Amino acid sequence: MMVRIPPLLLRRLRGAYSRVPADVRQLLRQTYAGARALGWNRTRLGRTTSARAISSTRLPVETKILTFDDVREALEGQQIDHWSLGVASEPMTKLGVSMEDWPKLERAFQALGGKGYWVADPRRRGTGRPIASSGHPIGGLASGGVLSVYRPEKRGDGAWVTFDEYGCQIELWERQRHTGSTYMVGPRENRASMMIGIDEFEPVLEQLHGRTVPVPGPVARTMVDDVDFPIDVVYTWVDGADPAWRRRRLAAQANQLGVPFHEEAVTESRFTSRDELKYSLRSLDYFAPWVRNVFLVTDRQAPRGWTAAILVSRWSTIRTSFSTRPCCQASTRIASSRICTTSKASQSITYTSTTMCFLGVGSNLRSSF
């Protein structure tokens, strides 16, 4: 159906658009161009489905690692020296290569194009395009010295489409002379320095996502913000609809006659289960790879649908009875007094509620519930 816009309204719209700053107009054009490249049209612009994104059942972190492996395989196939610059907690992986290997890098991109990969300039939105296996479409995107390799994937019903946020970024490094010394110079800052002396640059082997990868010496050093100690997560949880637990709760309250309770501490909504635990734990699986153990503190209960395999494989359930304590005090104090005495618990414990979810890159574990 064609919609006719009155001439007066059209002139006003054009006048309003002309007053939009030039950089904003450029961003709008790039965004629209990227959407068109993905198969969207004007009526669907802004929707999160794409005709050209492939359907996937992988977790985001699995997509990230698969892309990392494919890119490294393509580089090794062309005998291109490369080194890792990222860390496991980042949503994407990062590799560095020498600008001297640019001709071979183009051939490596041809191999990636045969696997359906796309390439983009991560500094500019809307620049993503499929890599043509018969051509070299990457030259115009490398002006910033960084290229992002990824495959658009849609998950579930297509409402979630991921692009280069879980891809692999390739940085082009150059050998340069400064003040009489030779340096390897990167296109942007990293966790160590974008200028590394050639004598210090010698890569060392490190573990990343279960792979042995070369890492420049200064980048491999432990930084002040690195988490190099184990972290456990503790949940306190009850099913407020369980009749047996309700009886125990009432008995505990009766034993505390004369103890004032804040009304929000004993309200029914505090103990009602709406499957928040399921979604919060699922967010750990997706977005918190640094978590070692997850402890669930319960009062002789287990969430519905949990199997024995789940409890012993990832989640450690510690049953705690609050029969001698006010039920509203089932807090982190009780959790720490019971859990920190076990041999499984880390010295660094993160207490969280079931309404808390993690957003970011995920772990290798897939939720079974």
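Two strands are said to pair if DSSP finds at least two bridges between them. In this predicted model, three strands form an open sheet with mixed pairing, in the order β1-β7-β8. The edge strands of that sheet are β1 (54-56) and β8 (160-162), each of which pairs on one side only.

**Overall fold**
- The protein has nine helices and 17 strands as its secondary structure.
- The protein consists of 369 residues, and 41% of them count as buried.
- Among contacts in the protein with a separation of 6 or more, 62% are accounted for by residues 24 or more positions apart.

- Strand β7 (residues 153-155) and strand β8 run antiparallel and are joined by three bridges.
- Within this pairing, E153 stands opposite T162 in β8.

**The residue H82**
- H82 belongs to strand β2, which covers residues 82-84.
- H82 counts as buried because its relative accessibility is 10%, and buried means under 20%.
- The side chain of H82 makes a polar contact of 3.5 Å with the side chain of R72.
- The side chain of H82 also reaches the backbone oxygen of I80, at 3.0 Å.
- Leaving aside residues up to four places away in sequence, H82 touches R72, L75, E76, L95, G96, V97 and P214.

Definitions and conventions: Residues are numbered from 1 along each chain as its sequence is written. This is a predicted model: local features need pLDDT of at least 70, side-chain atom pairs count only at pLDDT 80 or more; totals for chains, interfaces and linings use all residues. Side-chain values use heavy atoms; hydrogens and water are left out. Helices (H or I, at least four residues) and strands (E, at least two) are DSSP runs, numbered from the N terminus. Buried means under 20% relative accessible area, exposed over 50%, partly exposed in between (1.4 Å probe, protein chains only). Contact means heavy atoms within 4.5 Å. A polar contact is a pair of N or O atoms within 3.5 Å; within protein, one must be able to donate a hydrogen and the other to accept it, and residues adjacent in sequence count only if both atoms are side-chain atoms.
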